[in-house]
Amino acid sequence: RAMVLSIAVGPLLALASAAPAGAGQVTEHARENRPLVLFGAHWSAPCLAEYRSLPDIVAAAHPNRVVLAWIDEPIQVPAALAGKIEALPTNEARRLATRLLGEGYGLPSAVVLGTREQACAIVRAPLRESLVRSMLDRCGSAKQEAN
């Protein structure tokens with residue numbers, strides 16, 4: 001199962017594998033290439049509210065990629081955000097949510113992927129711009145990520 005998962009989300013995780021620059025530090029490039037994954041579902045009112053806030057979330061996450069991982073059915077990437085945001089297929093979104101958040105994960109949830117294909121920051125609530133920046137700052141060093 002793990003091998004299938006790594007193949008399925010390999011392109012998503014490719015940017016999260018930058019090498020450390022030195023003891024306890026990652027390069028600026030690595031900080032800027034950690035995908036922000038937003039887990040949601042159509043039946044969740046908070047997820048739909050977060051979806052309406054995508055332009056602000058994408059702006060706060062820039063230059064990091066934002067990935068929609070909706071677990072009930074595919075979600076459309078808004079045309080205005082084409083090229084700035086991606087959407088995972090539902091099966092991959094479910095597997096990734098279970099792997100990163102555990103069984104019975106709550107929605108909406110957001111994860112910043114770290115250098116070892118693990119979550120370096122998790123928020124189990126609707127995102128706001130300040131939370132996005134806080135998550136990315138949390139993932140700023142390899143030492144913090146190991147905690």
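Me: Where does Leu127 lie?
Reply: Leu127 is located in the loop between β7 and α7 (129-138). Helices (H or I, at least four residues) and strands (E, at least two) are DSSP runs, numbered from the N terminus.

Me: Is Leu127 buried or exposed?
Reply: Leu127 counts as buried, because its relative accessibility is 5%. Buried means under 20% relative accessible area, exposed means over 50%, and partly exposed lies in between (1.4 Å probe, protein chains only).

Me: Which residues is Leu127 in contact with?
Reply: Leaving aside neighbours within four places in sequence, Leu127 is in contact with Leu36, Leu38, Glu50, Ile57, Ala110, Val132 and Met135. Contact here means heavy atoms within 4.5 Å. Leu127 and Tyr51, which are 76 residues apart in sequence, have C-alpha atoms 9.6 Å apart in space.

Me: Before we go on, what kind of model is this?
Reply: This is a predicted model, in which local features need pLDDT of at least 70 and side-chain atom pairs count only at pLDDT 80 or more, while totals for chains, interfaces and linings use all residues. Residues are numbered from 1 along each chain as its sequence is written, and side-chain values use heavy atoms, with hydrogens and water left out.

Me: What is the mean pLDDT of the protein chain?
Reply: The mean is 79, and 73% of the residues reach 70 or more. Over residues 1-11 the pLDDT is below 50, and this stretch has 10 contacts in the model beyond near neighbours in sequence. The pLDDT also stays under 50 over residues 141-147, with 15 contacts beyond four places in sequence. The term pLDDT is the predictor's confidence in each residue, from 0 to 100. Where pLDDT is low, the predicted coordinates should not be read in detail.

Me: How many helices and strands are there in the chain?
Reply: The protein chain has 8 helices and 7 strands. Of its 147 residues, 45% are buried.

Me: What is the order of the strands in the open sheet?
Reply: The sheet has 5 strands in the order β5-β4-β3-β6-β7, with mixed pairing. The strands β5 and β7 (119-123) stand at the edges, each with a single partner strand, so one side of each has no neighbour in the sheet. On average, neighbouring strands of this sheet are turned by 20° against each other, direction ignored. Two strands pair if DSSP finds at least two bridges between them. For angles, axes are lines fitted to C-alpha atoms, for helices over the stretch in contact, and angles run from 0 to 180 degrees between N-to-C directions.

Me: And how do β3 and β4 run?
Reply: They run parallel and are joined by 5 bridges; Leu36 has Val66 as its bridge partner in β4. Strands β4 and β5 also run parallel, with 3 bridges. By contrast, β3 (residues 36-40) and β6 (residues 109-113) pair in the antiparallel sense over 4 bridges.

Me: Why is β4 largely enclosed by the rest of the structure?
Reply: It is described so because 5 of the 5 residues of β4 are buried. Val66, Leu68 and Trp70 cover one side, and Val67 and Ala69 the other.

Me: Which helices lie across these strands?
Reply: Helix α4 (residues 45-52) lies across β3 and β4, running at about 155° to β4. Helix α6 (residues 90-101) lies across β3, β4, β6 and β7, at about 105° to β3.

Me: New topic. How many salt bridges does a search of the whole structure find?
Reply: The search finds 1 salt bridge. Glu86 forms a salt bridge with Arg65, and the closest N and O atoms are 2.5 Å apart. The pair links distant parts of the chain, 21 residues apart: Glu86 is in strand β5 (residues 85-87), and Arg65 is in the loop between α5 (54-61) and β4 (66-70). A salt bridge is a side-chain nitrogen of Lys or Arg within 4 Å of a carboxyl oxygen of Asp or Glu.

Me: Is Arg65 buried or exposed?
Reply: Arg65 counts as buried, at 18% relative accessibility, whereas Glu86 is partly exposed, with a relative accessible area of 33%.
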